[in-house]
Amino acid sequence: MFPAAFDYRAPATLDEALGVLKERGDDAKVMAGGQSLIPLLKLRFAQPALVLDIGRLPAMNQIGRNNGHLSIGALVRHVDVEHDLDLAKKVPILGEAAHWIADPLVRNRGTVVGSVCHADPAGDWGSVMLALGAELVARSASGERVIAVAGFFQDPFTTALKPDEIVTEIRIPISSGPAGGAYNKLERKVGDFATVAVAVQVEIDGRKVTRAGIGLTSVGPTNIKATQAEKALVGHELTDETIREAARLAAEAADPKDDIRGSAAYKKDVVRVFVQRGLHTALGRAQEVRA
Amino acid sequence: MKVTMRVNGAERTGDVEPRVLLVDFLRTNLALTGTHVGCDTTSCGACTVLLDGDPVKSCTVLAVQADGRDVKTVEGLAQGGALSPVQVGFHEEHGLQCGFCTPGMMMVGTALLENNPNPSEEQIRWAISGNICRCTGYMNIVKAIQHAAKLQQAAAAAPSQGAAVPAGGGE
């Protein structure tokens with residue numbers, strides 16, 4: 001299978017890339033690792049006039065830590081996160097989610113930021129970033145803005161990003177107190193999209209939850225932030241009862257469809273189970289980090 | 001567009017449209033047909049090659065993305081007429097039935113042993129989890145990679161001996 005013909009540019013600097021998008025952003029697709037875009041091009045679901053390959057931009061493959069947040073550059077691959085042992089200790093949900101993405105070969109090429117920008121409702125990183133309360137740094141020729149992931153996903157494969165913008169990094173706030181998270185994913189086989197997956201992240205003070213994030217994968221038109229379930233946790237202790245209630249509310253927020261992977265009712269119930277399971281794991285991890 | 005890449009140690013150039021996939025560049029332009037096209041949808045791993053040492057699906061990489069980079073295909077495994085330890089492993093442990101997935105499996109095995117000379121069975125199974133064998137010969141593929149690990153370790157312990165054996169007539 002060949003993609004339809006396209007122009008190709010692989011700039012060596014960010015300024016050059018932003019200049020290209022300023023001129024031709026409306027007809028262009030930005031490509032990092034290409035693990036989502038190239039399949040779409042081959043199936044001709046996407047036929048951009050221009051593919052802007054940012055894979056050669058310098059200094060974007062770094063995971064940085066500064067000013068209370070973690071910064072994941074636009075060219076950091078899934079495998080980089082998966083194998084970062086220090087990261088796995090501090091923010092366990094990142095490595096856990098990375099481990100479940102696609103397969104090892106795709107993880108060697110695909111990027112975290114690219115996956116978020118692709119905005120597939122079955123994408124894993126979107127839910128993880130919702131749970132973590134992450135922000136995207138978007139650059140264009142006219143400047144820079146910061147977009148909360150919570151307002152980023154608009155529809156399947158549709159985001160708040162403008163045609164002339166490139167996301168250069170994701171910023172993940174790092175809690176000063178005890179925090180923990182978990183990513184639970186149900187997939188039929190390695191490389192399949194999630195039937196259902198759930199990301200949870202909690203910050204605790206004593207036993208009380210001070211911040212809760214819950215993101216749902218494959219159960220709606222976008223990755224879903226389960227806001228009501230999060231609210232039900234904040235200010236409360238993580239008891240079996242509060243966890244059960246949050247799980248019920250998260251399942252209510254899910255809007256899945258019947259398909260070959262399962263019925264809508266089944267998927268909703270998996271959300272409920274995964275929120276419960278994830279919160280128990282997250283609590284354990286938060287207490288471990290504290291100890 | 002003109003592309004130049006190092007393929008199996010030798011510099012190769014070509015003139016390709018940007019939409020040409022790396023696997024097609026290798027097979028059509030360079031006549032390296034050892035890399036197979038299976039599903040052509042990023043699912044099966046038959047087209048696995050090493051790009052700067054990492055196993056990737058060459059049906060999901062554009063040839064232009066490999067410009068200036070290092071590519072290794074199954075043709076690059078045997079050195080000086082001697083099979084690589086992974087090739088010996090697949091030969092001796094019968095790590096193939098129809099052989100279609102074999103080039104991809106061997107490239108993944110090669111990359112795994114490069115980074116992890118003594119992988120557990122679980123680590124081997126995890127490494128090949130993006131590669132599908134429709135003969136379902138996974139047992140022997142795992143054994144073949146385990147055998148290759150032993151050969152490689154033996155070769156490392158006695159560098160003058162070497163673990164490689166002369167290539168057979170089948171290639």
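Reader: Which residue in the turn of the hairpin formed by E12(A) and E13(A) has a positive phi?
Author: Strands (E, at least two residues) and helices (H or I, at least four residues) are DSSP runs, numbered from the N terminus. E12(A) and E13(A) form a hairpin with 2 residues between them. In the turn, a positive phi of about 65° belongs to A:Gly206.

Reader: What kind of model is this?
Author: Residues are numbered from 1 along each chain as its sequence is written, while chains are lettered from A and ligands numbered from 1 in the order in which they are written. Local features need pLDDT of at least 70, side-chain atom pairs count only at pLDDT 80 or more, and totals for chains, interfaces and linings use all residues; this is a predicted model.

Reader: How many bridges join E12(A) to E13(A)?
Author: Two strands pair if DSSP finds at least two bridges between them. Strand E12 (residues 196-205) of chain A and E13(A) run antiparallel, and A:Ile204 stands opposite A:Val209 in E13(A). The number of bridges joining E12(A) to E13(A) is 9.

Reader: Which residue of E14(A) is the bridge partner of A:Leu216?
Author: E13(A) also runs antiparallel to strand E14 (residues 224-225) of chain A, with 2 bridges. These strands form a hairpin with 6 residues between them, and A:Ser218 in the turn has a positive phi of about 70°. In E14(A), the bridge partner of A:Leu216 is A:Ile224.

Reader: Why is E13(A) largely enclosed by the rest of the structure?
Author: A residue is buried if 20 or more other C-beta atoms lie within 10 Å of its own, exposed if 12 or fewer, and partly exposed in between, with C-beta atoms placed from the backbone. Strand E13 covers residues 208-217 of chain A, and it is largely enclosed because the buried ones among its 10 residues number 7.

Reader: Which helix supplies the largest share of the side of domain 2 of chain A that touches domain 3 of chain A?
Author: Two residues are in contact if their C-beta atoms, placed from the backbone, lie within 7 Å. By this rule, 23 residues of domain 2 of chain A are in contact with 25 residues of domain 3 of chain A. Helix H5 (92-99), helix H8 (124-132) and strand E8 (153-155) of chain A each supply at least two residues of the domain 2 side. The largest share, 7 residues, comes from H8(A).

Reader: Which strand gives the most to the side of chain B that touches chain A?
Author: In chain B, 23 residues are in contact with 22 residues of chain A. Strand E4 (54-57) and helix H4 (121-127) of chain B each supply at least two residues of the chain B side. With 4 residues, the strand that gives the most is E4(B).
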